[in-house]
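Subject: Structure for your review

Dear colleague,

Please find below the structure that I am handing over to you. My findings follow directly after it.

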Amino acid sequence: MTYEPNPNRYDEMKYARSGRSGLQLPRISLGFWHNFGDVDDPEQARRMMHRAFDLGITHFDFANNYGPPPGSAERNCGLVLAQDFMAHRDELIISSKAGYLMWPGPYGEWGTRKYLLASLDQSLKRLGVDYVDIFYSHRPDPNTPLDETMGALETAVKSGKALYAGLSNYGPSGTREAATLLQAARTPCLIHQPKYSMLVRDPERGLFDVLTEFGIGCIPFSPLAQGMLTDKYLHGIPNTSRAGKEHGFLQEQEVVKALPKIQALHALAQARGQSLAQMALAWVLRQPTVTTVLIGASSVAQIEENVGCLKQSSFTTEELSLIDQITG
Ligand SMILES: NC(=O)c1ccc[n+]([C@@H]2O[C@H](COP(=O)([O-])OP(=O)(O)OC[C@H]3O[C@@H](n4cnc5c(N)ncnc54)[C@H](OP(=O)(O)O)[C@@H]3O)[C@@H](O)[C@H]2O)c1
């Protein structure tokens with residue numbers, strides 16, 4: 001089957017600039033943490049990449065360790081990129097990251113120059129591309145000087161192997177320090193990737209302020225709390241869900257604990273005339289600092305439903321305070 005992208009792919013999607021940069025990202029981006037590894041159906045993965053691009057989703061987010069096994073999401077999707085997307089490489093923003101365990105020994109994780117630059121070379125090979133658009137430090141490393149980690153991002157950009165630098169999982173003060181170093185190196189931080197959803201609100205405590213001050217964009221991950229902020233778990237835990245699968249990262253107890261909140265939020269979403277997933281994404285996108293929301297998906301239907309959040313994105317003050325009450 002030859003893939004012919006939808007000629008109208010830019011008609012419906014909305015785009016926003018990342019912080020003070022000129023780079024526009026789609027308001028919905030697709031992440032490849034789950035559902036694109038060797039344990040997953042390659043045809044389904046390929047269909048999701050096609051459908052996402054057809055809907056105007058121009059940003060695909062990877063990391064070295066996505067799979068399982070680690071590396072397999074980049075390798076599998078690299079084959080699809082080579083087969084179906086090479087004519088469209090310049091229409092895509094492809095990111096990767098390094099920070100978590102990737103290979104054994106003292107150089108296979110965290111934030112040294114040795115690890116980050118070796119990992120970037122490996123990611124480029126697996127993805128089959130000459131450069132990634134964004135290269136992230138995936139987590140702060142308490143045992144490596146920050147200027148070494150930021151120096152590696154600077155080298156990645158100045159060598160042309162990445163176009164922009166990003167930070168993920170850095171707190172407000174670490175972000176401030178890192179952004180200052182990157183600014184001095186004339187490799188400004190394009191974007192920050194924190195965990196943020198109606199159930200996880202840490203970035204509201206200082207991080208968003210730092211991002212605004214430095215003109216850094218924001219791409220929150222797990223905006224659906226790994227699927228909990230959808231209608232999927234309202235009536236139990238399906239075997240095919242992330243919480244039901246052996247290799248899924250979501251624990252069954254987490255879902256059970258959150259269920260009363262999920263039910264109350266579901267009722268509110270119904271009253272607004274949208275699905276809980278759509279309301280959860282619109283709620284993240286309402287933050288002025290947020291450039292794009294980084295979803296995961298296990299089917300084409302989920303991607304389609306989630307993009308539908310753009311149709312109703314405003315909230316009344318009453319709705320926002322009800323969400324605050326429900327989520328505590
Ligand atoms: N920087 C970091 O440290 C970090 C950490 C985690 C993730 N990320 C990035 O963020 C991306 C998104 O994270 P995430 O996958 O946790 O995001 P998420 O959007 O919160 O959860 C995605 C999961 O929710 C379920 N889902 C999605 N849409 C649905 C719908 N409409 N109806 C029912 N269920 C739906 C699917 O799970 P089922 O499989 O159950 O169907 C899907 O895999 C990752 O792929 C990765 O790129 C980054």
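How many helices and how many strands does the protein have? The model, which is a predicted one, has 10 helices and 10 strands. Its radius of gyration is 19 Å, close to the 20 Å that the globule rule gives for 328 residues, so the protein is as compact as a globular protein of that length. Taken along the principal axes, the box filled by the C-alpha atoms is roughly 50 × 50 × 40 Å.

I turn next to the sheet. Eight strands form an open sheet with parallel pairing, and their order is E9-E8-E7-E6-E5-E4-E3-E10. Strand E9 (217-218) and strand E10 are the edge strands, each of which pairs on one side only. Within the sheet, strand E3 (residues 28-31) and strand E4 (residues 59-61) run parallel and are joined by two bridges. Gly 31 has Asp 61 of E4 opposite it. In general, the strands of a sheet pair through backbone hydrogen bonds, either parallel or antiparallel.

The surroundings of the ligand may be of particular interest to you. The ligand is surrounded by 30 residues, and the closest are Gly 31, Trp 33, Phe 221, Gly 227 and Gly 296. Two or more residues of this shell come from each of strand E10 (293-295) and helix H9 (300-307). Which element gives the most to the shell around the ligand? Helix H9 does, with three residues. By residue class, the shell comprises 10 nonpolar, 16 polar and four charged residues.

Two packed helices are described by the angle between their axes and the distance between the axes. For helix H2 (residues 72-85) and helix H3 (residues 113-127), the axes come within 7 Å and cross at roughly 45°. On the H2 side the contact is made by Glu 74, Arg 75, Gly 78 and Leu 81, and on the H3 side by Ser 123, Arg 126 and Leu 127. The residues of this contact comprise two nonpolar, two polar and three charged.

Finally, there are several points of backbone geometry to report. The peptide bond from Gly 67 to Pro 68 is cis, with omega near -5°. The peptide bond from Pro 68 to Pro 69 is cis as well, with omega near -5°. Pro 68 is found in the loop between E4 and H2, and Pro 69 is found in the loop between E4 and H2 too. Ala 225 has a positive phi of about 50° although it is not a glycine. The location of Ala 225 is the loop between E9 and helix H7 (252-272).

With kind regards

Key: Residues numbered from 1 in each chain as written. Predicted model: local features only at pLDDT ≥ 70, side-chain atom pairs only at ≥ 80, totals over all residues. Near = placed C-beta within 6 Å. Helix = DSSP H or I, 4+ residues; strand = E, 2+ residues; numbered from the N terminus. Nonpolar A, V, L, I, M, F, W, Y, C, P; charged D, E, K, R; others polar. Axes fitted to C-alpha atoms, helices over the stretch in contact; angles between N-to-C directions. Contact = placed C-beta atoms within 7 Å. Pairing = 2+ DSSP bridges. Rg over C-alpha atoms; globule rule 2.2 N^0.38 Å.
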